[in-house]
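Me: Could you take a close look at one part of this structure for me? I'd like to know how its pieces sit against each other.

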Amino acid sequence: MLSTVDRTKSLVALPTARRRHSRAAAGPAPAGRPSGAAAEALRIIADPRTPTYVTVYANGRRRYSYWRPLDSTTGTGGCYAALPTADCDELHAAGRITLGEPVVDPNRTTYRVRTAARVQPAPVRGGVAQIRSRVA
């Protein structure tokens with residue numbers, strides 16, 4: 001970790017996401033709900049205060065990252081933090097997140113990552129009166 005010149009206390013280690021592997025949860029998560037780490041990544045992406053990006057390098061490597069704001073109470077943050085690539089790729093494949101317009105550089109391409117717009121269910125035709133007449 002980097003330290004600052006005028007800081008007398010030791011730096012606080014930032015918490016990291018821990019993956020729990022259990023035999024009961026060996027199968028894939030249900031299609032409607034993302035797993036724990038994917039749900040946390042989706043929560044961060046959905047927060048409009050944390051701009052999230054994916055960088056695709058020339059060799060094909062992808063890296064999802066977001067800006068972690070500075071926390072005045074702990075003095076941590078103020079830097080980019082990485083998200084788990086496999087979980088974010090699953091969210092993208094499932095259509096839960098979308099990629100914005102590319103910013104192309106000779107060595108990499110960067111996209112803004114946003115949550116996908118939810119599709120509203122089609123309204124019921126005829127309204128409540130027609131449904132009540134069908135039941136009676």
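Reply: Happy to! The chain exposes about 11,000 Å² (Shrake-Rupley method, 1.4 Å probe), and carbon and sulfur atoms supply 55% of that area. This is a predicted model, where local features need pLDDT of at least 70, side-chain atom pairs count only at pLDDT 80 or more, and totals for chains, interfaces and linings use all residues. Residues are numbered from 1 along each chain as its sequence is written, and side-chain values use heavy atoms, with hydrogens and water left out.

Along the sequence they follow the pattern α-β-β-β-α-β-β-β-α.

Now for the close look. Helix 1 (residues 36–46) packs against helix 2 (residues 85–93) at an angle of about 75°, with the axes 9 Å apart. Here the axes are lines fitted to C-alpha atoms over the stretch in contact, and angles run from 0 to 180 degrees between N-to-C directions. The two helices are therefore roughly perpendicular (65 to 115 degrees). Helix 1 brings Ala37, Ala38, Ala41 and Leu42 to the contact (heavy atoms within 4.5 Å), and helix 2 brings Asp87, Cys88 and Leu91. These contact residues divide into 6 nonpolar, no polar and 1 charged; Ala, Leu and Cys count as nonpolar and Asp as charged.

Technical notes: Helices (H or I, at least four residues) and strands (E, at least two) are DSSP runs, numbered from the N terminus. Angles under 35 degrees count as roughly parallel, over 145 as roughly antiparallel, 65 to 115 as roughly perpendicular and the rest as oblique.
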